[in-house]
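Have a look at the model below.

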Amino acid sequence: MSNFLAGIQFPDITAIIPEVIALIIGCLILLIDPFIPKQKKRLNGYIALFGFVVLFFVTLSYLGKSIVTFFDMFSVDNFSTSMKLFFFVANFVVVLISLRYLEMEDSNLGEYYALLMFATVGMMVMVSSKDLIMFYIGLETMAIPLYVLAGFIRMNERSAESALKYLLMGVFVSGIFLYGIALTYGATGSTKLVDIVRFTYINGVNPILFVAIILIACGLGLEIAMVPFHFWAPDVYEGAPTSVTAFISVVPKVAAIAALLRVYFEGFTFFAPYWQTVLWLLSALTMIIGNVTAVVQDNVKRMLAYSSVAHAGYMLMGILSFNELGVSSLVYYFFAYSFMNIGAFALVIYLRRKNIVGDRLEDFRGLAQKDPIAALVMVVFLLSLAGVPPTVGFVGKFLIFSAALKAGFYWLLVIAVVTSVISLYYYFKIARSMYLEEPVADEPLLQPLSVKIAIFLLAILTVVFGVYPTPIMNLADLSAKVFFGY
Amino acid sequence: MIEYAWLIPVFPLVGMTINGIFGIKYIKDKAHWVAVPALGLSWLFSILVFIDVLNGKTALIELFDWIITPDINVKVAFWIDQLTAVMLMVVTTLSFWIHVYSIGYMGHDPGYPRYFTYLNMFVFFMLILVLGSSYLLLFVGWEGVGLCSYLLIGYWYERESAWKAGMKAFITNRVGDYGFILGMFTLWYYLGTLNFNEVFAKAHTLSPEIVTIATLLLFAGATGKSAQIPLYVWLPDAMEGPTPVSALIHAATMVTAGVYMVARSNVLYSMAPLSLEVVAIIGCLTAFFAATIGTSQFDLKRVLAYSTVSQLGYMFFGCGVGAYASGIFHLMTHAFFKGLLFLSSGSVMHAMSDVLDMRLMGSLKKYMPITSFTFIIGGLALAGIPPFAGFWSKDEILHHAFTSGHITLWFLGTLTAGITAYYTFRAVFMTFFGRGRIPKVIKEHLHESPPVMTIPLIVLSIGAIFAGFVGLKKGETTYFGEFLAPVIHVVHHANEGHAKAIPESMLIALSVAVGLTGIFIAYIVHMKKLIDPNEWVKRLWFLHRVFYRKYWVDELYFALFIDRTLDLAFFSWKFDQWIIDGVVNGAAWISRAFAWITRYCTEPFIVDGAVNGASYVVDLSARVLRRVQTGLVSNYMLFVVAGTVCLLTVFMFIRLF
């Protein structure tokens with residue numbers, strides 16, 4: 001018995017301290033929620049805000065550390081650490097824009113923040129795992145709270161519909177993902193990335209793995225919202241509460257892309273030319289279809305949904321470049337994308353008022369006259385989304401494009417640039433309606449303070465890191481070193 | 001304190017930001033409460049930094065990385081040495097007092113916050129210009145002040161002459177900037193860096209031809225910014241801006257940027273004797289020609305403008321004969337007395353309800369004692385009468401010109417000094433003395449300016465009296481020259497013989513005599529009327545006409561460049577109209593015809609012109625793609641499966657072949 005135990009390395013618990021803290025905060029919110037009177041439910045949100053700040057600093061102390069534990073299934077490295085930092089920053093803003101919004105929707109329940117925490121735990125596991133089964137567990141831990149969040153406004157038909165759609169699609173596609181894992185296991189005898197790469201190194205490529213690679217891409221493709229797995233996105237984005245849409249359109253997408261990156265880079269290293277071509281096709285399709293379809297949308301949330309599909313295409317370029325610049329530009333792009341995309345959705349929340357969701361193009365009409373500063377801030381986000389300097393969006397696109405250029409994907413670059421130009425058109429439909437059309441007389445704007453803080457914060461980040469990208473670039477370079485540092 | 005020098009430009013930046021964002025809506029006529037204290041702090045910090053530099057400290061403050069690529073590494077860094085410290089003192093002192101003056105002068109202007117925003121922005125860029133540690137950062141400031149100058153010349157943009165003058169200034173400057181950029185590229189190409197200390201350290205590796213080309217190109221930039229031949233034409237027109245702007249930007253600070261640049265690059269210029277010779281000749285000729293034009297103008301501010309061009313010529317003249325310290329010294333004293341003259345003329349303008357024609361003035365001394373007093377002090381300094389500031393610096397330049405063997409240029413410079421004295425006191429006598437020729441309507445409102453305007457006048461006149469004393473002799477050199485010595489690499493004079501032949505005291509006596517003669521002529525012509533100027537104008541009608549029409553340089557430029565550019569534009573337009581539009585229209589016509597034919601076969605497909613084609617395709621495909629978005633989950637799942645299967649098929653196919 002003692003010999004048996006001696007053979008097992010006891011896992012290094014310190015590696016999962018941030019995950020544990022997040023879990024505890026989630027449970028804590030659930031526990032104290034019943035004792036908070038209805039009109040003071042916002043306290044839950046403050047706990048979550050505080051929690052994300054604490055998590056941020058705890059995780060920050062992990063930067064530079066490298067731990068692989070739990071039998072090579074869980075890894076703390078600079079890539080996973082910076083992804084976690086990203087989650088906390090993005091979630092912090094999401095909570096900020098949710099505080100008042102939930103009250104307006106009359107759904108201010110503590111579960112919201114607890115679910116957000118649990119989803120975050122799932123994503124943290126996803127980016128840290130070095131085992132396909134762990135990936136799957138992380139994915140599901142993330143996805144299930146998301147289904148609930150999408151239907152959080154229970155009395156709203158559209159919200160419920162979007163939750164159901166999301167659930168059905170999610171379950172269906174996770175089956176495909178599992179199938180991919182099963183094939184990998186069948187071919188290599190392990191689900192650990194280390195073993196897979198070792199096996200393929202010794203035994204050469206196995207045709208079954210070609211199928212598995214595609215199936216894994218398809219499985220993660222749902223959360224990434226890449227073509228042809230994007231159909232759920234516009235429906236769910238439109239129906240879900242706007243704060244949840246802001247969340248879904250950014251954070252899980254990033255988590256899934258990060259996971260895909262790790263699986264391909266660390267597990268299927270020797271298949272690089274193959275999955276590069278697969279992603280080439282997917283990325284091209286995603287950019288074209290995302291941007292083109294967005295042109296005819298007149299609902300801003302749907303338009304942003306297609307725009308986020310298009311951005312997924314740009315981000316895939318970062319993976320398929322398969323070089324150091326690709327990874328670091330991708331990490332930078334994650335931050336950039338979160339600032340501008342959450343910002344744009346926050347503006348929709350800003351326009352939420354009595355009987356008006358704020359997501360129709362008409363709701364933006366004449367905003368420049370009603371609230372010039374909000375209109376200006378929206379223009380900043382739109383410029384950034386379209387990739388116009390001096391914003392983070394520009395720097396991000398510039399870096400990703402140069403990574404693809406370095407890797408020699410010229411035609412993909414041509415597609416990316418042309419579709420970027422198309423994107424300018426639909427983004428500026430919003431700007432046009434804000435600046436060139438007369439405002440409609442309707443309910444006055446509520447201008448909630450927490451949303452104001454959030455949009456200003458995001459706008460400042462969008463511009464500041466566009467002009468001075470070094471801090472994020474440093475973090476991104478550290479992350480890239482995980483895969484290419486030696 | 002020197003390590004906090006980076007704060008100096010931050011204050012005006014903050015002031016500009018606050019006034020720029022909240023000015024028009026919230027701050028309104030209280031804008032000076034933001035702008036003036038900001039400048040006050042800058043001034044204070046500059047003084048503290050200056051004291052540090054006096055105690056022998058210099059510093060390189062690296063702020064952050066700006067552009068980093070494998071080939072380019074540009075840091076935003078400030079370089080503070082003796083030259084920077086002098087420039088800092090000049091810029092912040094003048095800026096602060098002119099800001100104060102503006103409170104009174106611009107008091108009733110509806111664009112008050114806009115004015116202060118621009119003015120703060122100008123100071124910010126000017127400080128970047130003098131603090132920057134590389135040619136690139138200097139260029140940032142260089143372009144920034146150009147922009148502010150454009151904005152402020154065209155400040156009263158409702159006036160056609162104002163915005164036209166703004167355009168003229170901007171475009172003329174761009175011509176010079178073209179040279180400046182090429183000069184930077186040359187240095188960059190051969191040295192791989194633009195940082196001052198690295199460029200100067202590596203300069204000896206360059207061949208003389210390259211240094212000559214680079215310095216000449218840089219000087220081309222300076223001729224634009226500092227209004228030298230052939231690009232001086234914009235400066236007189238720039239007087240369309242508010243008078244404090246003329247004082248700050250177009251007399252004291254921005255226009256001297258070229259001189260600063262040349263003095264800063266003295267290592268390079270000293271390596272290129274040909275360039276130095278060009279600088280000296282251009283400077284001296286500009287000084288002479290501008291002074292002659294100044295004698296014939298009737299607009300008070302224009303007289304001062306030509307005088308500025310002329311004095312800038314002196315500064316380049318000084319640099320060109322290797323006396324960089326004297327050039328900078330003249331820059332400093334000139335900033336005080338010319339700023340003072342402009343502000344005084346602004347005070348006159350304020351009292352005279354914006355009338356500037358000296359033929360409608362006279363006897364103003366009775367009405368505005370302080371202004372006339374300060375104007376006369378400025379005039380004495382400009383005319384180079386001891387012990388006023390201008391005397392010391394101008395004399396030093398002439399002395400250096402003489403000792404370095406530029407006898408012809410020295411003669412021209414001394415003659416110019418006489419002309420300068422003449423037109424300065426012509427203006428003084430016509431404006432403040434003699435018989436009043438003031439129209440009645442204006443006379444009723446005539447008054448001395450409020451203290452907020454006269455106090456800056458008094459402060460600057462103190463500067464105009466005493467600033468020259470730093471140029472007192474100290475052994476071989478002067479106090480000022482000794483202070484700047486670490487920055488300036490002196491050229492050894494080729495011809496020391498002349499210095500021995502004629503003692504310095506003789507030269508000084510001569511130039512003072514020339515100056516007094518100029519004043520005397522002005523006195524007898526315009527004060528005592530012993531000689532009727534009109535008669536002399538008739539007798540020398542040709543000369544007068546040449547001066548009055550400014551040598552027809554503007555007309556020449558119009559004929560040579562501007563009209564030809566317009567011709568080209570007109571030709572392109574016609575080409576576009578006939579050829580390009582013809583092709584497009586033809587294509588559109590064909591497609592319309594095609595559409596007309598197909599209209600009855602395919603009703604919805606009417607192609608409306610060739611240009612709409614692209615957007616139509618996007619639109620159409622978007623509509624088709626939207627049709628796919630049915631909203632039914634089962635359909636979506638079908639697409640997912642179909643997509644997966646397609647991917648698998650396609651890539652299995654690729655694998656097999």
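What follows is a set of questions and answers on labels and their cut-offs.

This is a predicted model, where local features need pLDDT of at least 70, side-chain atom pairs count only at pLDDT 80 or more, and totals for chains, interfaces and linings use all residues. Residues are numbered from 1 along each chain as its sequence is written, chains are lettered from A and ligands numbered from 1 in the order in which they are written, and side-chain values use heavy atoms, with hydrogens and water left out.

Q: Why is Cys284(B) called buried?
A: Buried means under 20% relative accessible area, exposed means over 50%, and partly exposed is in between (1.4 Å probe, protein chains only). Cys284(B) has 0% relative accessibility, so it counts as buried. Cys319(B) also has a relative accessible area of 0%, so it is buried.

Q: Are Arg264(B) and Asp81(B) buried or exposed?
A: Arg264(B) has a relative accessible area of 3%, so it is buried. Asp81(B) is at 6%, so it counts as buried.

Q: Why is Arg360(A) called partly exposed?
A: Its relative accessibility is 39%, so Arg360(A) counts as partly exposed. Arg360(A) forms a salt bridge with Glu362(A), with the closest N and O atoms 3.6 Å apart. Glu362(A) has a relative accessible area of 33%, so it is partly exposed too.

Q: What joins Asp33(A) and Lys41(A)?
A: Their side chains meet in a salt bridge, at 3.2 Å from N to O. Both residues are buried.

Q: How many salt bridges are there over all chains?
A: A search of the whole structure finds 27. One network of salt bridges links Arg158(A), Glu161(A), Lys165(A), Asp235(A), Glu238(A) and Arg302(A).

Q: How do you know that chain B and chain A touch?
A: Contact means heavy atoms within 4.5 Å. The contact takes 25 residues from chain B and 32 residues from chain A.

Q: What area do chain B and chain A bury between them?
A: Buried area is the accessible area (1.4 Å probe) that two parts lose on being put together, summed over both. Here that comes to about 2,700 Å², with 81% of it on carbon and sulfur atoms. Strand E1 (59–68), helix H28 (613–628) and helix H29 (633–656) of chain B each supply at least two residues of the side of chain B that touches chain A. H29(B) gives the most to that side, with 13 residues.

Q: How many salt bridges are counted between chain B and chain A?
A: The count is 0.

Note on methods. Salt bridge = Lys/Arg side-chain N within 4 Å of Asp/Glu carboxyl O. Helix = DSSP H or I, 4+ residues; strand = E, 2+ residues; numbered from the N terminus.
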